[in-house]
Amino acid sequence: MIIRYVNSRGDEVNLNKEPYKLLISDLIDYEWKANEKSERIINFQKEIENRSLNIDIIKNGSTSSRKLMNDLSDIFEYDVINAVPGRLYIDDNYLTCFLSSSEKDNWETDAIIQCEYGLVTDYPFWVTEKMFSFGMQQSSTAGTFLDYPHDYNYDYASEGRNDYVSNDHFGSCDFVMNIFGPAINPEITIAGHIYEVITTLEYSEYLQINSRDGTVVKVSQTGEMTNEYNNRNKTSSVFEKIPPGDSLVSWDGNFGFDITLFVERSEPKWIT
């Protein structure tokens, strides 16, 4: 098991390997709050949660434990100062969070410093990302889609493409969808639901739909962003989550796109 923290500027540290050794904590505990009405439970929700990370910081050769503690604090505090969360990973599962407090013991010596870091998250779900890529049709001209071994007086061409996205989770999943230009008014149907934005994408531009954040943004080759929220199809939500199971994906084949599902659990999925 690899436990690591990656801050919001990409600095990474392994917390389960010397000189940093993560000890037993409440990291994977969880709780749902029950909402009541007329003394009956109507649903559940998550609130801001606080947890703790107990880490032994161990002197490494000529590098003192105090220097190592400084380095670790710099990684954690960068996110706090900038109010942008980092990610705590257990293997491929991550929790967006801040490491916002620290209590120390045995700091008088330089061999091992025992630290308890306070973790806080406003989105207490462990996320695993699952990506699916869908390529554009190689050519829209006749004769390039079906290649028969004999020559006919006419050729066959595709009138669109079909594929599948597989959500093996027990619930519907949020997603990020990236649609790559060139494309005009790209439309994709997933499980019978239409995702469409009325816009034009030039070569090297892409359109990003983020269902969790509720955003639709066009990104240019230089990274310039244009808000396309008001150009979304307003009768068929582009933020509709992807349902469980295998969902048929259909589009005209004139552009490529990818979909990243966010599979969310209250605790990381145990390896059996």
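Strands here are DSSP runs of E with at least two residues, and helices are runs of H or I with at least four, numbered from the N terminus; two strands pair if DSSP finds at least two bridges between them. This is a predicted model, where local features need pLDDT of at least 70 and side-chain atom pairs count only at pLDDT 80 or more, while totals for chains, interfaces and linings use all residues. Residues are numbered from 1 along each chain as its sequence is written, and side-chain values use heavy atoms, with hydrogens and water left out.

**View 1. The hairpin of β15 and β16.** Strand β15 (residues 187-190) and strand β16 (residues 193-196) run antiparallel, with four bridges joining them. Pick out I188 and you'll find its bridge partner in β16, Y195. Two residues sit between the strands, and A191 takes a positive phi near 55 degrees in this hairpin.

**View 2. The hairpin of β5 and β6.** Here, five bridges tie strand β5 (residues 33-37) to β6 in an antiparallel pair. K37 faces R40 of β6 across the pairing. There are two residues between these strands, and S38 has a positive phi near 55 degrees. How many of the six residues of strand β6 (residues 40-45) are buried? Zero, so β6 lies largely in the open. Buried means under 20% relative accessible area, exposed means over 50%, and partly exposed is in between (1.4 Å probe, protein chains only).

**View 3. Salt bridges.** The count comes to 10 salt bridges, each one a side-chain nitrogen of Lys or Arg within 4 Å of a carboxyl oxygen of Asp or Glu. Among them is R4 with E12, at 3.4 Å from N to O. E49 and R51 make another, with their closest N and O atoms 2.5 Å apart. E49 is buried at 12% relative accessible area, and R51 is buried too, at 5%.

**View 4. The salt bridge of K241 and D174.** The N to O distance is 3.9 Å. This pair links distant parts of the chain, 67 residues apart: K241 is in the loop between β20 (225-227) and β21 (245-251), and D174 is in strand β13 (residues 174-180).

**View 5. The largest nonpolar core.** A nonpolar core is a set of buried Ala, Val, Leu, Ile, Met, Phe, Trp, Tyr and Cys residues joined through side-chain atoms within 4.5 Å. β22 supplies the largest share, four residues.

**View 6. S266 and E31.** S266 sits in the segment after β22. It's buried, with 12% relative accessible area. The C-alpha atoms of S266 and E31 are 8.1 Å apart, although 235 residues separate the two along the chain.
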